[in-house]
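Trainee: I'd like a close look at one part of this protein, and then how that part sits in the rest. Could you take me through it in one go?

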Amino acid sequence: MDENEFRQWLIDCFGEIEGARAWEQINQLPPEIREQLTNQNSSKLPSPEEMRALMQNITGTLNSSDSNSDSINTSLATTIASNRMPEDTESTINAQEAEEVRFAIQIANLWLDSVCVFNPVKGDVMLLTRKGWVDNIITSWATYAQPVSQSMNNALTELITKQLGDAGSIQGFMAGPVPFPFGNEMNDPSKIINSMGNTSVSMELGQSAGTLSSVVRGSFDQGLVLLDNPAGGIIVQNCVNYADQLGIDKEEVFKYVALQECAHARLFNSVPWLKPRIESLIGKYARGINIDMNAIEDQMRDMDFNSDDEAHVSVPLDSVRIPDTPEQKEALHSLENLIALIEGWVDCVTRYAGMAHITHIEQIQEMIRRERAATGAAQKTFSALLGLNIRPKMILEATQLWTKITAEQGEETRDAMWNHPDLLPTLDEKTQESIQESINEGISSFDKPYQPIDWDAELDDLLLEDQNNNQSHDDSGQQDNNDDYHGDDQNNTDPDNNNE
């Protein structure tokens, strides 16, 4: 992007007058800063629509006395997410495909009845477009992200208040290239930091939701309860695209996704402590968040917040080390372990339920494992909104653990472990070694993780075996007929011999 393109972008964002004014102020910046601004990749800049929504959110929040001004702006997030959706996004659901998905949900529940003790969830699974998925999950995402966002805001407010000293206001804080049209009385540092912080999280939330809208296939793909509907939901277009990507019949993908969604729904609705436990662990992690004050002070030491000549302040939080306390590490480990156990249980139950019915189940599960290894939907969500890292390897280990428990102790014992958090297994080194030993010993064919099965070869063997059995039966019948024939012949010749 050259200077002319950047100037036009400012005008598109802020209008002819304010855009030209912003460009004049940018020209007054030091050359190295001006060059950094104008040399940005245009594809990485927010669209003019996103910038206008951003500015409206900031100024509206700062001039509002509403108690909700401290919350993440879900309207801004939804707008950004809608702008980030792919061009091929469909606004409606094909009627025939909707009927096929409903049928897949019905038979998925029948299959699950035979492999787990949890009952089906009352109500219907929602059939969603990409836009419908975004509209229905944004509020839940904001709820999960709010504790972390608020802790970050509090830490920044403490730092800036300390920097301001006795002045207690932020005159000139927002002076600079981009004009913020709010009153001079808005000098409360906590309100400005909350607005900026929540706006930043809202933008990140919208960008993540828009990107994931073309990838997720079920509402529980992130390992969290995101819909108000306890039965969950399925994004039909993404299932069809996934089938095309794998080169298999879309009905198989419908059935597999239905199994996963219904299994998630059964688990979360049958284990009442599960969702509150996740929220509690996120809150525990968030309460321990602290910013490395020295690192930020190194960047802000020479800034005079009371000067009208000062440009806007930018704090690159991604470059500031935020160390985890022992309590945070414990909460993170517990959360990571719990999410892995949830996803592992669902993978295990889905495989048992669909093994005899979905021809390409191995291919589907192999692709899902690869997606997780390349940072799947759950990992992206936790990383972007919560700063947490859920390792894909733990989900695979959890799947193997639940499979081992099922093979050795049965389905009822396996599912009874969800009666209380203290009854759940842990994915420590000792458990991982035990899983590996069981796999090596070959307790069950299910213990070996996802060994590919050549279904065509298996079918050929069955047909050949059946053909051999039929051939053997035919040969036996032919032998009996020959014996009868020879017997009759011998009886016919006996009189002749006697006559002779």
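Trainee: Which residue lies over the face of Tyr242, and at what distance from the ring centre?

Mentor: That's Arg217, which sits over the ring face of Tyr242 at 3.8 Å from the ring centre. The rule here is that NZ of Lys or CZ of Arg must be within 6 Å of the ring centre and within 35 degrees of the ring normal.

Before going on, some ground rules. This is a predicted model, where local features need pLDDT of at least 70 and side-chain atom pairs count only at pLDDT 80 or more, while totals for chains, interfaces and linings use all residues. Residues are numbered from 1 along each chain as its sequence is written, and side-chain values use heavy atoms, with hydrogens and water left out.

Now the helix around that ring. Tyr242 is one of the buried residues of α9, along with Val236, Gln237, Asn238, Cys239, Val240, Ala243 and Leu246. "Buried" means under 20% relative accessible area, "exposed" means over 50%, and partly exposed is in between, using a 1.4 Å probe and protein chains only. Eight of the 11 residues of α9 (residues 236-246) are buried, so the helix is largely enclosed by the rest of the structure. Helices (H or I, at least four residues) and strands (E, at least two) are DSSP runs, numbered from the N terminus. Gly247 follows α9, with a positive phi near 75 degrees.

Next comes α10 (residues 250-270), and His264 is found in it. His264 counts as buried because its relative accessibility is 2%. Leaving aside neighbours within four places in sequence, His264 is in contact with Phe220, Ile342, Glu343 and Val346; a contact is heavy atoms within 4.5 Å. Ile342 turns up again on the list for Ile278, which also touches Tyr144, Gly223, Leu224, Phe268, Leu335, Leu338 and Ile339, not counting residues up to four places away in sequence.

Ile278 takes us to the largest nonpolar core, which has 87 residues; Trp133, Leu274, Ile278, Leu338, Trp345, Trp402 and Trp418 touch the most other members. A core here is a set of buried Ala, Val, Leu, Ile, Met, Phe, Trp, Tyr and Cys residues joined through side-chain atoms within 4.5 Å. Apart from that core lies another of 10 residues, among them Phe6, Phe14, Ala22 and Met51.

Aromatic pairs come next, and the count is five. Rings of Phe, Tyr and Trp (its six-membered ring) pair if their centres lie within 6.5 Å; planes under 30 degrees apart are stacked, over 60 edge-to-face, and the rest tilted. Phe118 and Trp345 make a tilted pair, because their ring centres are 5.6 Å apart and their planes are at 45 degrees. Phe118 lies in the loop between α6 (95-113) and β1 (126-128), and Trp345 in α13 (residues 326-354), so this pair ties together parts 227 residues apart in sequence. Phe118 is buried at 10% relative accessibility, and Trp345 is buried at 0%.

Trp402 and Trp418 are stacked instead, at 5.6 Å centre to centre with 20 degrees between the planes. Trp402 belongs to α16 (residues 392-409) and Trp418 to the loop between α17 (411-416) and α18 (429-441), so they tie together parts 16 residues apart in sequence. Both Trp402 and Trp418 are buried, and together with Trp273 they form one aromatic cluster.

Glu50, in α4 (residues 48-62), is another buried residue, at 2% relative accessible area. Not counting residues up to four places away in sequence, Glu50 touches Ile80, Asn83 and Arg84.

Stepping back, the protein chain has 19 helices and two strands. Of its 500 residues, 46% count as buried. Residues 24 or more positions apart account for 81% of the contacts with a separation of 6 or more.

The mean pLDDT (the predictor's confidence in each residue, from 0 to 100) is 75 for the protein chain, and 62% of its residues reach 70 or more. Over residues 302-319 the pLDDT stays under 50, although the model has 37 contacts for them beyond four places in sequence. Residues 439-456 are also below 50, with 33 contacts beyond near neighbours in sequence. Where pLDDT is low, the predicted coordinates should not be read in detail.
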